[in-house]
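Please examine the sequence and the three-dimensional structure shown here. A briefing on the chains, their contact and selected packing details accompanies them.

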Amino acid sequence: MIVASQKPIAEIIELTRDHKKLIVIGCGACVTVCFAGGERETQALALGLRLAARREKRPVEITVEMNVRQCEWEFIEPLSEKIAAADAVVSTACGVGVQFLAERWPDKRILPGLNTSFMGGPIEQGVWLENCGGCGNCVLADTGGVCPVARCAKSMLNGPCGGSQNGKCEVSKDIDCAWQLIYDRLKLQGRLDQLTPLAPPKDWTPARDGGQRKVVREDLRLAAPESEVESRKSEG
Amino acid sequence: MNIKTLANWPAPPCQAACPVQTDARRYVALIAQERYEEALDVIMAANPLPSVIGRICAHPCEQACRRGSVEEPIAICHLKRFVTDKLGYSDGKIKVKQVPKTKNKSIAVIGSGPSGLTAAHDLARQGYGVTIYEKHPLPGGMLRYGILDYRLPPEVLQSDIDSILAVGIKLKCAVDIGREVDFQELINEYDAVLIAAGLAVSRSVPLAGVDLGGVHLAVPVLEAINEGRPVELGNDVIVIGGGNVAVDVARSIRRLGDKTVKMVCLEARDEMPAHDWEIEDAMTEGVEIHCSWGPDKIVGEGGRVAGLEFKECTCVFDEERRFNPRFDESKRNIMGADTIILAIGQGSELSFLKRAGVKLTDRGQIDFDRATMRTSHPEVFAAGEVVTGPGAAIGAIANGHRAAEAIAAYLEEREPAYQQDLTPVGELPTAISGVMWKTPRRWMPRLEDDKRLKSFSEVELGYSEEDALREAQRCLACTAGAVVDEPKCAACLTCVRVCPYGVPEMIGDKAYMDPLTCQSCGICASECPAQAITVKMTTEHLLPLQTGIDSIEAEDERTSKSPVTVGFVCQFGHVWGADRTFDAAGNLPDNVRFVRVLCPARLAPADILRAFEDGAERVFVTICGPNFCHYKTGNGLTERRLDYVRSILDGAGIGGDKLVSYPIDQNTSLAKIVEEMSS
């Protein structure tokens, strides 16, 4: 899931200081599960904003809305009237949700309530760890199910580097060296020989380096793509 | 058990076991929070005789209480009495409003025992004119004449009756229907008649020697003692019978001077129909109990009782649990006695009904349809022991309610809406009872053994407030716990992880808390990031309801010189402090508001922030001391959650230091907490 955390409330107070009518919109998907933008956290944020406004004697009206998943047009559409009536929106969805709102209501100021961090999961209640870098070309089969792209500070494909000390990364003693983990895992599985061949340079074009990415499943699309329409025209 | 819908949510066992379905769970919780007036309202919604029932109830609720599998059941009956004592209800200090007669129909009730009083009360409150006819000089039926003052002081009974009558019921005492007033006259005068005459006549038994001087029936003896009339009793008394009436007679006679009292009954000790606690009291008071003996003949001398000859009773009931005693004629025993009292059962004298066309059965009982509460005469109904046979007073009250509904439905030409049985939650699994915080039941202080026999003073002396609070805290709040709003559940597993009892489980992608095991603490509800969990019991703890704070402006104006402090106070911790109770609040500044919560761990961050939004300048939360939390992990969770709320208060410029937590122990007092907050 996408893991995010709440922005410091002081920062959101600054962002919203000039607005008289705010709507804070939470998201019921990933950010609920990671305690960043679900109903519990969104209510608390709204209350904090109200308390700050009252302390500064700023008259402001702040309402809270919850949404199933802000990254879907159909789910956000019913917010239309309420968003139209607000001066600004604080979205406590991940960056995806914020952008969906901004795209749908381009004339409205849509503010992020969260810092979206990574794709990962909880390793215990209250602690989330990054696991996936979204590189677009998964190497986990070769690395014992430990991702070097997300979990090595250098995203090395032939590790470890010289900074690996006692199984920890030189960046911080709190971070495990991903390549130590890969070694240990493959050793456990009796597959250390997998590490012998040198991994060739990775094609990073499916990753972020290739610009904004898009996944298209033509078989699922309901409207025929432009190119197809054009070619049918020329054939006909 | 897997119950997915609220429609078939199980009832707490106490309520399901109560013949009138008193919401005991709720009133016990209200007592734990010192909300006594509300507790009395809950009690009286089901029962118009709270002071009486708080003393003499057979309390099937306690037999059903699931705390019994942890150590001992909650003293629900004692707690009921505590409320009536504390508020002065049993002293007549609470005045009941008269209900105006708004319906042009009227009902006669024969008998002023618990069923008659209850039916009269229900009907009068609906606006019917009701007149009660009582044979005795004073009302109450067996409550007055069958139960002695040491269990139920007459002034307590009178107070409850006065409150019932105050609704607007006429009472005519010393009127014997059937002898002094013809039953037909009542039928002519009233739109409906209810026979609730009880079982006021002691049965005799065809025993050799039963006509000898010194042989008495139980009920006349009890009546005489109750009315203070002299009874001719010797010094060596045998009471025949093993029921509650026999015990009452025996205990009463022990109070009439230095007399030897023996109870002799057919049943073995564990078969005796009298309540265990009554039998134990009788034994403490010096009554000898002789079980498994059947009377064979009364031995006489000069026309008076000299003793009783017994034979051993080998078996009281047959295979089909019918009363069919068998004896071993070879095993015999003779006891000397100068007085014998027969307490072997009661009946009623109903022959007068026949003249008015009310059919009786071959055995002289009313021909009665339990479904409709009717006799063979369309306008004549019956209720209470006269039709149900002997039973507990609370059962007679339940029957009175049912009769009132039957009569009202008849007069209003509609179908009756009787109370439906509740399905109780199952037994507490040992996995849960084994990890419960254990604390013994608080027994009510009692008159010292050596003082009991010197008078008819009440034996049970009442709870102190501390007793009541600590006892009420023991309640497990069965089936008042977590309910998931499924569409909101994000399947985050938080509830599964945080529950101290391991209750939540995932059914598919939705969380589910089985009411069989949920302990109602609310920890999952406040942790749930989707706020998809509500706690049935604690939704009432909203700030405005308890503090009256509902408007910032109004509050600012009122307290411009003294900012409001709100304290969220743990229901379990508050009596452990040095000043013990909210009584201390009386000495505190009036800008301090308390919100009682079951456990502060059930406060979501927004609950605390709302206190600030609603006008509080400071908020404190009491938690239990370091070594105690009713719900095991509540203290730590609360502390961590308060840190999160403080971060928001800091960010908002309010200051996290405006939110303080206080562990309560014997050295802390609410007064001191408030003083520290203000300095």
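The points below are grouped by topic.

This is a predicted model, in which local features need pLDDT of at least 70, side-chain atom pairs count only at pLDDT 80 or more, and totals for chains, interfaces and linings use all residues. Residues are numbered from 1 along each chain as its sequence is written, while chains are lettered from A and ligands numbered from 1 in the order in which they are written.

**Chains**

- Chain A contains 9 helices and 9 strands; helices (H or I, at least four residues) and strands (E, at least two) are DSSP runs, numbered from the N terminus.
- The radius of gyration of chain A is 23 Å, whereas a compact globule of 236 residues would have one near 18 Å. This radius is taken over C-alpha atoms, and the globule rule is 2.2 Å times the number of residues to the power 0.38.
- Along the principal axes, the C-alpha atoms of chain A fill a box of roughly 65 × 65 × 25 Å.
- Chain B has 26 helices and 23 strands, and its C-alpha trace spans about 100 × 60 × 55 Å along its principal axes.

- Ala, Val, Leu, Ile, Met, Phe, Trp, Tyr, Cys and Pro count as nonpolar, Asp, Glu, Lys and Arg as charged, and the others, Gly among them, as polar.

**Helix pair in chain A**

- The axes of α1(A) and α3(A) come within 10 Å and cross at roughly 60 degrees. Axes are lines fitted to C-alpha atoms, for helices over the stretch in contact, and angles run from 0 to 180 degrees between N-to-C directions.
- α1(A) is therefore oblique to α3(A); angles under 35 degrees count as roughly parallel, over 145 as roughly antiparallel, 65 to 115 as roughly perpendicular and the rest as oblique.
- Ile9(A), Ile12(A), Ile13(A) and Thr16(A) of α1(A) make the contact with Leu45(A), Gly48(A), Leu49(A) and Ala52(A) of α3(A). These residues divide into 6 nonpolar, 2 polar and no charged.

**Helix pair in chain B**

- Helix α2 (residues 24-32) and helix α19 (residues 465-473) of chain B pack at about 130 degrees, with their axes 8 Å apart, and are therefore oblique to each other.
- Val28(B), Ile31(B) and Ala32(B) in α2(B) meet Ala468(B), Leu469(B), Ala472(B) and Gln473(B) in α19(B). The residues of this contact are 6 nonpolar, 1 polar and no charged.

**Sheet in chain B**

- An open sheet of 4 strands in chain B has the order β21-β20-β22-β23, with parallel pairing; two strands pair if DSSP finds at least two bridges between them.
- β21 (592-597) and β23 (659-664) of chain B stand at the edges with a single partner strand each, so one side of each has no neighbour in the sheet.
- Strand β22 (residues 616-624) of chain B is joined to the parallel β23(B) by 6 bridges, and Val621(B) stands opposite Ser661(B) in β23(B).
- Helix α24 (residues 605-613) of chain B packs on the sheet, touching β20 (564-570), β22 and β23 of chain B.
- Helix α25 (residues 634-651) of chain B also packs on the sheet, touching β22 and β23 of chain B, and its direction makes about 165 degrees with that of β23(B).

Notes. Contact = placed C-beta atoms within 7 Å.
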